[in-house]
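Keep the viewer open while you read.

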Amino acid sequence: MTNDTIFISIVTYRDPQAQVTVRDIIKNADNPKNITIAVIEQNLPNDKFRVKAEPNVKVMRNVEAKGPAWARFLASTLHRNEKWYLQIDSHMKFCPGWDTDILQQIKPFEKEKCVFTCYPPQNLPTPDIPVKSITQKWAKDKDNHIIACGSIIPATKDPSIGVFVSANFLFFLAEPFLKEIPFDPNLQHIFQGEEILLSARLFTRGWIVFHPGKCVCSHEYGRHDCPKIWVDSPEFRKLNKDAVQRYRYLTHQLSDKPHPSLYGEGTVRTMKEWKDKIKLFD
């Protein structure tokens, strides 16, 4: 076993595709023995599907659903000594040799404090038509949330510097990320805002966001017929308002400005500098 062990965080919400995703990760890896998968399974008692626990697949079952950011924090508690950390969603497909590919892309930047992130394409890339995903635009939705928008372009030899983070593909060295930018256990019942807050935390701590030169997986978007926590839980929307207030507070979108903190603004750059930066991408 090489030193390039990879810990993969997957959070699910009543998703029958989660087991398919786990199998696809392992089947298409060049070095499956180097991979540990942690699944946070948020199912209801009557759901008949579940992810099978295996020697390299850890499953935390019957977790009370409190939104994806909370579940990602729980997944991080299962990390042990794996060198690399990959955060994805539970409805994705992977290209053959994806692990070798993404490691080759990030290795030249191993000494940098950086993350590789993107919104993977809807369809799985093929060797003859490789693609790249960049995020250089954003807009505000009806609730005044900043929504970053990805674009699929032809693959390139080198990664591109970005500023926006995608929660459904985020790859980095576990050390020092988990110490410097730990997942926030207080960010419960949030949906929109998770990615923007993490983008701001990275920027204000001097980290670099890269978009890989070539995508190694695909992601199923939409999924309008699948269960949603804000539909299943009548309390979610009410609790979400408190979470949104926390996110807006930490990103200096409210009149009250917080002091630098572990889960908010860093000390290398300011939140104002980050806001000025994203205007370049508008």
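## The second largest pocket

Sorted by class, the residues lining the second largest pocket are four nonpolar, three polar and five charged. This is a predicted model, and the pocket's computed volume is about 400 Å³. Helix 7 is the top contributor here, giving five residues to the lining. Among the lining residues are Asp 141, Lys 142, Asp 143 and His 145, along with Phe 191, Trp 230 and Asn 240.

## The largest pocket

The largest pocket comes out at about 960 Å³. It has 35 lining residues, and those closest to its centre are Arg 72, Asp 89, His 91, Phe 191 and Trp 230. By class, that lining splits into 16 nonpolar, eleven polar and eight charged residues.

Where does the lining come from? Strand 1 (6–13), helix 2 (68–76), strand 8 (146–154), helix 5 and helix 6 (229–232) each put in at least two residues.

His 189 sits in the loop between helix 4 (174–180) and helix 5. Is His 189 buried or exposed? With a relative accessible area of 12%, His 189 counts as buried, because the cut-off for that label is under 20%. Setting aside neighbours within four places in sequence, its contacts include Ala 65, Lys 66, Gly 67, Phe 236 and Asn 240. Ala 243 is another of those contacts; the C-alpha atoms of His 189 and Ala 243 are 6.1 Å apart, though 54 residues separate the two along the chain.

Apart from neighbours within four places in sequence, Asn 240 is in contact with His 189, Ile 190 and Phe 191.

## Helix 5

Helix 5 spans residues 194–204 and is mostly covered, with ten of its eleven residues buried. The buried set includes Glu 194 and Arg 201 as well as Leu 197, Leu 198 and Phe 203. Just past the helix, Gly 206 adopts a positive phi of about 85 degrees.

In soluble globular proteins, nonpolar side chains tend to be buried together. Here the largest nonpolar core has 33 residues, and Ile 8, Trp 98 and Phe 171 touch the most other members. Helix 3 (residues 98–106) provides the largest share of this core, four residues. A second, separate core has 23 residues, including Phe 7, Leu 78, Val 165 and Phe 177.

Methods:
Residues numbered from 1 in each chain as written. Predicted model: local features only at pLDDT ≥ 70, side-chain atom pairs only at ≥ 80, totals over all residues. Heavy atoms only, no water. Buried < 20%, exposed > 50% of the residue type's maximum accessible area, 1.4 Å probe, protein only. Contact = heavy atoms within 4.5 Å. Core = buried A, V, L, I, M, F, W, Y, C linked by side-chain atoms within 4.5 Å. 1 Å grid on protein atoms, 1.4 Å probe; cavity = no way out; pocket = protein on both sides within 12 Å on 5 of 7 lines; lining within 4 Å. Points joined across faces, edges and corners; volume = space filled by probe spheres on them. Nonpolar A, V, L, I, M, F, W, Y, C, P; charged D, E, K, R; others polar.
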